[in-house]
Amino acid sequence: YELSSEFDVKPLTYVESTLSQKEMNLRGQIQKNASFEQSLITAYELAHLTDLSVHINYKLTGMIIDYRTPDYSMLKIGDIIIDINNQNFTDYESMGQYFIDYDGILNLKVLREDKTMEVSIEKNDQAIFRFYPKYEIISASPSYSLPGQNTSLGGPSAGMMYTLSIYFALIDYDLIDVDIAGTGTIRYNGEIGRIGGLPQKIYGAHKEGIKHFLIPSSHYNEVKQLSHLIKLYPVDTIE
């Protein structure tokens, strides 16, 4: 594997080394579902700028736990933090920043398997937490279906391409007559975030005869040597 540039061999990260295979699989599904939710919201809101009949109504449920240091085992991967210290947050950025900045006792209201519970933790500088926003989509016009939601594939890497696919469908855009591949997460603020396994994805697209490939700008220097195989388009935001 190390002799081939098509493979990537590296030690387990600290996060990976502290998780069971079941937890890793669960994280993949959490990340994928979060990508679906964010892609729908972003695509509908962008399409609304072009067509006022397109709209989506949603609200923030909270922050779903994608990872926490094993010292905080009272919190489970997949738990949704719906309130912190009775602050009643309505946006993910404020809620996440409050959690990150706060050192000391945090009184959390947590949703676990449809049951609400109170959990108190003492957060310190050594704690590692990772979250995704969890939304409830109340209504959307036009309606949608997500055929990939129930597959075993996981991860957040397709968020950008989900968003573009939904957006182009909503505005009935059909002027692109070539195949375009890409990878990148979609963040709550429209930024295109980093992903894993980019060289392997580029090689895979090249083998399928793809000529155009969208990537997060922050990865470009890592894979620019592959631009002879496929045309790379580094992007920062969904706009």
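The following legends describe close-up views of a predicted model.

Residues are numbered from 1 along each chain as its sequence is written. In this predicted model, local features need pLDDT of at least 70 and side-chain atom pairs count only at pLDDT 80 or more, while totals for chains, interfaces and linings use all residues.

**View 1. Overall fold of the protein chain.** The protein chain contains 6 helices and 10 strands (DSSP runs numbered from the N terminus: helices are H or I with at least four residues, strands are E with at least two). Its C-alpha atoms occupy a box of roughly 55 × 55 × 30 Å along the principal axes.

**View 2. The antiparallel sheet.** An open sheet of 5 strands has the order β4-β3-β2-β1-β5, with antiparallel pairing (two strands pair if DSSP finds at least two bridges between them). Its edge strands, β4 (115–123) and β5 (129–141), each pair on one side only. From one strand to the next, the twist averages 45° (axes are lines fitted to C-alpha atoms, for helices over the stretch in contact, and angles run from 0 to 180 degrees between N-to-C directions). Strand β2 (residues 80–84) is joined to β3 by 4 bridges, and Ile80 stands opposite Leu111 in β3.

View 3. Three strands, in the order β6-β9-β10, form an open sheet with parallel pairing. The edge strands are β6 (180–182) and β10 (231–235), each pairing on one side only. β6 is joined to β9 (residues 212–216) by 3 bridges, and Gly182 has Leu214 as its bridge partner in β9. Helix α4 (residues 159–170) lies across β6, β9 and β10, at about 140° to β6 (contact means heavy atoms within 4.5 Å). Helix α5 (residues 198–207) also lies across β6, β9 and β10, running at about 170° to β9.

**View 4. The second largest pocket.** This pocket has a volume of about 260 Å³ (on a 1 Å grid over the protein atoms alone, a pocket is an open set of points where a 1.4 Å probe fits, with protein on both sides within 12 Å along at least five of seven lines; lining residues have an atom within 4 Å of a point). The volume is the space filled by probe spheres set on the points, which are joined across faces, edges and corners. Among the lining residues are Leu26, Ile30, Ile80, Leu111 and Arg112. Helix α2 (21–50) and strand β3 (104–112) each supply at least two lining residues.

Terms used: Heavy atoms only, no water.
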